[in-house]
Amino acid sequence: MAEVRCRRAVLPGELQDGEEDLESKYKLHNTGDPVSHDDVDATDVGGEEGAQKSVKKREEKDDGETKPVEEKTGEKKDETDKQTPSPVKTSTRSSRSVMLQRLVKLFFGCLAAVTCGMMYAVYLSTYHERKFWFSSRQELEREITFQGGSGLYYYYYKHMLMAPSFERGVYELTRDNRTVSGQTINVVERLSLYPELVTSLLYRVTGSQEVIEPVYFYIGMVFGLQALYVTALFVSSWVMSGTWVAGMLAVAWYVINRPDTTKVDYAIPLRDNWALPYFSCQVAAMTGFLSNNINSATEMFCYLLMSATTFTFVLVWEHSHYVLFVQGLALFLLDSFDLVQPRKIADIHKVYLSSVFLAYVLQFQNPRLLSSPLLSLLVASVLARYFQQNMKMGPLVARVMKILLHFYLVFTTGITFSYLVNRLMPGNENDYLFKFLEVKFGLNTTTDFVTNLLLCQETFQTPSQDMFLRLTQASVLPFYLLVLSICLLSTLQTIYRRLSGEPMKTKHALEDGRIGEQPEVIYHVFHTLLFGGLAMLFEGMKYLWTPYVCMFTAFGVCSPELWMTVFRWLRLKAIHPVVLALILSTAVPTIIGFSLWREYFPRVIAELSELQEFYDSDTVELMNWIKTQAPMAAVFAGSPQLLGTVKLCSGWTVTSLPLFSDIHLLRSSEDTHQVYALRSAEDIYKILTSHKTNYVIVEESLCNELSHTKGCRIKDLLDISNGHVVYDKGEMYSFSKHGRFCHEIKLNYSPYTNYFTRVFWNRSYHIYKVNSVISFQY
């Protein structure tokens with residue numbers, strides 16, 4: 001039976017649905033012979049039968065009408081074809097133009113990033129020279145400028161250079177019996193000395209002995225890493241905002257808020273100054289890796305860079321796994337709420353596991369890495385995901401319940417794994433950390449000296465109001481709160497959409513106004529919230545939070561997507577929101593930059609032009625006496641910070657080190673601090689001889705300490721620990737049948753003269769020799 005087909009009549013100038021696209025398509029592929037509407041209709045409507053009729057009809061036209069027309073218009077068509085450019089050529093030219101613009105933008109952005117890093121390194125070098133008069137100092141005076149006990153690390157760098165070979169130097173450090181009295185320790189593993197090993201090796205192999213002094217080479221390496229630090233912050237802000245103006249603003253805020261962003265000013269060799277630049281590079285690489293708008297080659301580059309920097313970060317700092325644990329929590333939230341591609345989270349977990357494993361091997365099977373919370377989190381996440389393979393499916397209520405169950409499984413599994421590891425590994429030192437946290441959060445009280453000493457350290461106290469005042473004056477804190485509020489609210493909207501079943505989009509237009517759907521932005525929201533919460537509890541955490549506050553704020557004020565998100569919420573109609581967003585993303589950072597330039601640039605120039613005086617004559621005199629008068633086999637006791645300087649300047653053996661992560665060294669510090677307690681001469685003598693001490697150094701600043709609030713002075717902590725405290729009407733009083741040792745020994749009477757002999761003194765220090773033969777004189 002014949003098939004009957006009906007068509008609507010087509011009015012002149014009107015095309016049927018889909019015919020316009022078909023006509024343009026046919027014209028594109030048959031540029032020499034245009035196709036009529038009837039041919040298209042026949043092919044489209046009648047299938048094979050229509051196609052045959054169309055071909056037959058076209059043949060008839062070719063024999064009749066078309067041929068004369070072509071003869072008349074042939075020359076005209078040739079001229080038109082020559083004048084009209086091909087669409088393929090036009091698209092090729094436009095793509096080349098776009099590629100050229102991107103390359104130019106990339107070149108100038110990289111140039112600006114490198115320039116900012118180099119200028120910051122030059123600034124640090126100039127400021128360091130002006131502050132300490134470094135070039136005009138003798139070697140001993142230069143070493144004393146390494147404050148806070150940080151000079152201990154530089155001593156091992158000197159030791160590596162004085163060793164007959166690099167291999168011999170490493171061997172001696174792994175079996176060191178001249179650092180801590182009565183102990184043979186592996187200082188490479190105990191103090192994380194890989195930066196010193198690598199720096200000494202570079203100094204040897206590059207032939208720098210005839211070009212630069214060892215101390216300048218060492219300092220130059222640290223300042224170079226600080227340049228890398230700010231460059232990575234620049235790149236992170238640039239990647240998220242799309243403009244390198246954000247990077248320059250981030251670097252400006254970082255330098256202005258230097259007291260709250262870095263400790264490199266006064267303690268150059270600290271592990272923080274070696275490790276945090278690698279963490280900054282890791283965050284920059286992770287920012288690019290999480291982004292959806294990158295190609296496969298760029299993603300692979302970011303992955304490799306992230307792997308290398310994560311491994312280096314774990315290797316050079318003993319506290320790095322705690323930092324990565326917090327970062328892992330941020331990534332865990334991204335994965336739980338389905339805000340990032342699962343394969344990327346799996347790749348990052350591989351980076352964590354491989355870095356921890358390699359660091360465990362190179363750090364001589366360091367047990368801290370196996371009992372780290374990072375490893376517990378990774379194991380718990382993998383197991384929970386295995387048992388909840390359908391967690392991201394179902395209606396809203398079901399998915400919320402699955403996520404809550406997922407949190408519970410990860411928490412309980414992680415705690416169980418950590419408990420088992422701590423029980424199976426002998427000699428684990430995490431118990432005192434948990435006791436410290438209990439006391440810190442008010443869950444318990446203690447009289448333990450070590451715990452109270454840690455609580456009284458500035459690093460573990462709550463931040464002062466001065467920090468927030470400085471951040472507010474530099475305008476970074478108000479804009480940070482604004483940017484964080486917008487991004488957090490948009491992130492919460494994205495989480496709700498994911499839980500409601502809306503699929504994840506990989507590409508977004510500026511008009512969408514959804515800043516919270518970019519995975520890299522969501523990661524930084526969680527990152528800054530977690531580290532910010534820790535910074536509100538521990539002041540030392542501000543060095544991990546404030547730099548990323550500067551970077552995150554700079555990204556926000558320079559991002560058109562952020563302003564567009566606000567305008568979408570406000571439903572702005574008077575002015576085109578895209579145009580206004582582009583204007584504000586340029587005008588706001590310009591105004592901020594101008595105000596910072598006018599306010600802080602003169603201060604920076606004044607810092608570089610002002611000659612400061614730093615000279616500790618008493619410490620120089622003390623170190624000169626130790627180097628010239630004390631025998632090489634002498635063992636010194638004192639405060640850990642001072643003993644670090646003694647070890648640096650003389651190389652003599654000491655009873656303790658300024659290392660707060662080692663419980664055994666902390667207990668040794670408690671023993672040597674007893675010279676400031678209410679103890680008898682006989683008790684102090686027994687304690688010091690148990691550590692094979694030959695000389696004890698008494699510091700006036702600790703014996704007559706008035707700077708700290710009562711309760712955090714060394715002598716107060718000792719009195720509480722020794723039970724020499726009486727409380728009356730809320731006041732604390734010290735009481736004992738013995739006087740305070742550091743006061744009584746200065747009176748030079750028996751029985752103190754029976755056990756100790758004063759051999760050196762000045763305004764700040766007293767050195768007493770521990771008598772090997774007790775003479776009882778009255």
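Tutor: Before we start: accessible areas here come from the Shrake-Rupley method with a 1.4 Å probe. Also, keep in mind that this is a predicted model.

Student: Which residues make the nonpolar surface patch?

Tutor: Leu396, Val397, Val400, Met401, Leu404 and Tyr496 make it, and it covers about 580 Å². Helix H18, residues 396-424, gives the largest share, with 5 residues.

Student: Where does Tyr496 sit, then?

Tutor: Tyr496 is in helix H22, which spans residues 476-499.

Student: Why does Tyr496 count as exposed?

Tutor: Because its relative accessibility is 52%, and exposed means over 50%.

Student: Switching topic: what's the strand order in the open sheet?

Tutor: The 5 strands go E2-E1-E3-E7-E6, and the pairing is mixed. E2 (653-654) and E6 (756-761) are at the edges with a single partner strand each, so one side of each has no neighbour in the sheet.

Student: How many bridges join E3 to E7?

Tutor: There are 5, and the two strands run antiparallel. E3 covers residues 695-699 and E7 covers 765-770.

Student: Which helix lies across E1, E3, E6 and E7?

Tutor: That's helix H30, residues 681-690, and it runs at about 75° to E6.

Student: Last one: how many helices and strands does the chain have?

Tutor: The protein chain comes to 34 helices and 7 strands.

Terms used:
Residues are numbered from 1 along each chain as its sequence is written. This is a predicted model: local features need pLDDT of at least 70, side-chain atom pairs count only at pLDDT 80 or more; totals for chains, interfaces and linings use all residues. Side-chain values use heavy atoms; hydrogens and water are left out. Patches are made of residues with over 30% relative accessible area and no salt bridge: like charges are joined within 9 Å, nonpolar side chains (Val, Leu, Ile, Met, Phe, Trp, Tyr) within 5 Å. A salt bridge is a side-chain nitrogen of Lys or Arg within 4 Å of a carboxyl oxygen of Asp or Glu. Helices (H or I, at least four residues) and strands (E, at least two) are DSSP runs, numbered from the N terminus. Buried means under 20% relative accessible area, exposed over 50%, partly exposed in between (1.4 Å probe, protein chains only). Two strands pair if DSSP finds at least two bridges between them. Contact means heavy atoms within 4.5 Å. Axes are lines fitted to C-alpha atoms, for helices over the stretch in contact, and angles run from 0 to 180 degrees between N-to-C directions.
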